[in-house]
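The exercises below ask for a careful reading of one protein chain, with a worked solution after each task. Please try each task on the structure before reading on.

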Amino acid sequence: MWSSSQASTRGVIEVGRVEAGPSHFPKRQPAPRNSSRINLSRTYAIKSCSVSSRTGLCVGQCYHKKFSSCKCKLGWSSQPLSGLRHHFRVHSSASEAVLTSQSDFAKLLVGNEKIGVLLLNLGGPETLDDVQPFLFNLFADPDIIRLPRLFRFLQKPLAQFISVVRAPKSKEGYASIGGGSPLRQITDAQAEALRKALCDKDIPAKVYVGMRYWHPFTEEAIEQIKRDGITKLVVLPLYPQFSISTSGSSLRLLEGIFREDEYLVNMQHTVIPSWYQREGYIKAMATLIEKELSMFPEPQKAMIFFSAHGVPLAYVEEAGDPYKAEMEECVDLIMEELEKRGITNSCTLAYQSRVGPVEWLKPYTDETIIELGQKGVKSLLAVPISFVSEHIETLEEIDVEYKELALESGIKHWGRVPALGCEPTFITDLADAVIESLPYVGAMAVSNLEARQPLVPLGSVEELLAAYDSKRDELPPPVTVWEWGWTKSAETWNGRAAMLAVLALLVLEVTTGEGFLHQWGILPLFR
């Protein structure tokens, strides 16, 4: 992470091409949602330019419909021009050179640097004994459970209480899928596949896995990155869409780690915060859907049911989380790709995995399945749209709970699209995303190029979170007025009263050192 005042020592930035200020979240501009959506292709260009007494090379992506009318956003390197003539051929029509080969471009990007890629993911318990401590780590995250400032000192005691209460039911779920989450093994396999894909593209990079709530923790991955002497790092959350509670939480943790370590402060890096709009990802999803549809007796009559992990509604409406907007556009892009293949099935989007008394994004997956059954839908293909790896939300919640609910609701034919895992098109596209981000490692964040770009801009961890926090307001209570009777307001206030009672008991436990939590051996864990 570095400021604009350091630009003179790191390289130069072409005026008008790269923003010389903090990244920001642009106002949502709806992308065209029809068959005329621009299909952007890419090339790479190098352009020489002098700024004051310095000469630099401009390396960047060119998004265009026709080569003669392209729009470039370019990052800069302070490498000298001499000795690089063999890397590109000159076009007489413009003072611009285009790389003659992928290998030449890779050499220019990498140079003598040690490239690293950090994959961020949620993590999951690998054994049944891991379930309760995993849940504690999850609920101790203030981006998952948000307490009022007055009660934030109770974050860990409350997380301990919730994790102990929820652990028995969660253990049943993990037991039903083999006794633990396969997320670590799948993510490790994705990391190795990505490393090989980058190597095939002449980018020798090491790929690391950092989990938020279980081993290998992000902190462990960072320590290995330091031991390996990585000088340029691309941070790639394995969440296609950005959310406070997923990518945002992992990036916030990284921000704290970076600020406390001199090596990391000086290490150049960039973040790819979301990538739901990438062509390779969209095509890979469409291919999996097309394959599963063919398994139905009447494929054309099956409804495509996109099920995404939910988030509290207040995150989107009050805190400015772009998750819902990105999710809806992602579904649009996938359906457009299917239409190109002659698949015109109807589709719907719903949100799963809600917990607690507050309102989450709607419609809910379970309620939608019941409604579809009542409307006479007989064939349903579930698509886990926010997951790229199999874990408990796909293997147990969708494959067991929602399948049973669908059959009970009158749906006769059920199918489920597998998570992407190590699907070749998907992995190749991730490798391309990493390569395309390398010119921006250590440079200021860039703004969106087209509506097809993610709503969250490419940038450094600190800049990204600073920009995000500048837009994020304090979450207000879900209900601000009192209503009598059996209403949603009454239910909310009852939940608040119960929470205050629990907090009061916890305060008494902590202050007196006595009570049933001490008798059960829960709170002494914090002494």
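**Exercise 1. The chain as a whole**

How many helices and strands does the secondary structure of the protein chain come to?

*Solution.* The model is a predicted one, and its protein chain has 17 helices and 13 strands. Turning to burial, 54% of the 527 residues count as buried. Among contacts with a separation of 6 or more, 76% are made by residues 24 or more positions apart. The accessible surface comes to about 24,200 Å², and carbon and sulfur atoms contribute 54% of that area.

**Exercise 2. Helix α11**

*Solution.* Next, list the buried positions, which include Tyr-323, Met-327, Cys-330, Val-331, Ile-334 and Leu-338, together with the acidic residues Glu-326, Glu-329, Glu-336 and Glu-337. Finally, look just after the helix, where Gly-342 takes a positive phi of about 85 degrees.

**Exercise 3. Nonpolar cores**

Which residues of the largest nonpolar core touch the most other members?

*Solution.* The largest nonpolar core has 63 residues, of which Leu-198, Tyr-281, Ile-289, Phe-306 and Ile-385 touch the most other members. A second, separate core of 21 residues includes Phe-134, Leu-154, Tyr-174 and Leu-503.

**Exercise 4. Backbone geometry in the loops**

Locate the cis peptide bond from His-215 to Pro-216 and the one that joins Lys-362 and Pro-363; then decide whether Asp-202 and Ser-353 are buried or partly exposed.

*Solution.* The bond from His-215 to Pro-216 has omega near -10 degrees, and Pro-216 is found in the loop between β7 (205-211) and α6 (218-227). For Lys-362 and Pro-363, omega is about 5 degrees, with Pro-363 in the loop between β11 and α12 (365-374).

That loop between β11 and α12 also holds Ser-353, a residue other than glycine with a positive phi of about 65 degrees. Ser-353 counts as buried because its relative accessibility is 12%, and the cut-off for buried is under 20%. Asp-202, in the loop between α5 (183-200) and β7, has a positive phi near 65 degrees, but Asp-202 counts as partly exposed because its relative accessibility is 38%.

Terms used: Residues are numbered from 1 along each chain as its sequence is written. This is a predicted model: local features need pLDDT of at least 70, side-chain atom pairs count only at pLDDT 80 or more; totals for chains, interfaces and linings use all residues. Side-chain values use heavy atoms; hydrogens and water are left out. Helices (H or I, at least four residues) and strands (E, at least two) are DSSP runs, numbered from the N terminus. Buried means under 20% relative accessible area, exposed over 50%, partly exposed in between (1.4 Å probe, protein chains only). Contact means heavy atoms within 4.5 Å. Accessible areas come from the Shrake-Rupley method with a 1.4 Å probe; for residues, only the protein chains shown count as cover. A nonpolar core is a set of buried Ala, Val, Leu, Ile, Met, Phe, Trp, Tyr and Cys residues joined through side-chain atoms within 4.5 Å.
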